[in-house]
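Dear colleague,

I am passing on the structure below, and after it you will find notes on what came out of it. Please read them with the coordinates open beside you.

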Amino acid sequence: MSGQRGPTKRSTERLDLITQAASVEIIRHGFDNLSVSDIAEAAGLSVGGMYRYITTKTDLLVMVCRGIYDGVREQLGEIAAGDESHEAKLRSAIDLYLRECENQRAQIAMVYREYRRLPDDAQRFFMQREKAIADVFADLIRGGCGRGVFQPVDATVLAMDIVFLGHMPSFKKWALLGEVSAEQLRGEQVELVLGRLLPR
């Protein structure tokens, strides 16, 4: 048996503080202007202490990006495994995903802006996480189509459309300020997708 132990509660909490501080600074000032010393101060560490948790400044960007969509795939899977109708499950799944994107709109915009700075393995991780989310939507759509609940569509394309819809508040929220609430926008987006699927 290995004598290695997992991370302690204290180190996990410290990593969370570092990630939160890095997220705020990268969103506000961009990765180029990110200061390791500022992050260390926000996390209650010395600069030397910071390097117990990271190797390079790029690790901070990776940590922030890995936190996006955290746990969303699992929550969507629980909805998909439920006993509701295909329509009800798809509505619930889209609504949950759109809420998460709304809550993380600044982080999503940051990923688009800084994506080229991520190492290849971190880029693949982010793409795989988004694909896993899209796959849940695609499976729900295929299931409904197979039972005649939904009209025939390309489930893969429509699933990725749903993923992109979630990114809309990150880029075009300015166009809706004062016009549409987040709840109204989610409702319109859900109906947009279901309007393509439900028989007329």
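In this model, 15 residues of domain 1 are in contact with 13 residues of domain 2, where contact means heavy atoms within 4.5 Å. The two parts are domain 1 (9-54) and domain 2 (57-197), with bounds that come from an automatic or database domain assignment.

Before the details, a word on how to read the values. This is a predicted model, in which local features need pLDDT of at least 70 and side-chain atom pairs count only at pLDDT 80 or more, whereas totals for chains, interfaces and linings use all residues. Residues are numbered from 1 along each chain as its sequence is written, and side-chain values use heavy atoms, with hydrogens and water left out.

The pLDDT (the predictor's confidence in each residue, from 0 to 100) averages 91 over the protein chain, and 96% of the residues score at least 70. Over residues 1-5, however, the pLDDT is below 50, and this stretch has zero contacts in the model beyond near neighbours in sequence. Where pLDDT is low, the predicted coordinates should not be read in detail.

As to the fold, the protein chain has ten helices and zero strands, both being DSSP runs numbered from the N terminus (helices H or I, at least four residues; strands E, at least two). Its C-alpha atoms fill a box of roughly 65 × 55 × 25 Å along the principal axes.

I27, F31 and I54 supply 44% of the area that domain 1 buries against domain 2, more than any other three residues.

The rule finds one salt bridge across this interface, a salt bridge being a side-chain nitrogen of Lys or Arg within 4 Å of a carboxyl oxygen of Asp or Glu. Separately listed is the pairing of the side chains of D32 and R117, with 2.9 Å from N to O.

Over the whole structure, the search finds eleven salt bridges. One that may interest you joins R91 and E191, whose closest N and O atoms are 2.5 Å apart. Because R91 lies in helix 6 (residues 86-103) and E191 in helix 10 (residues 182-197), the pair ties together parts that are 100 residues apart in sequence.

Conventions. Buried area is the accessible area (1.4 Å probe) that two parts lose on being put together, summed over both.
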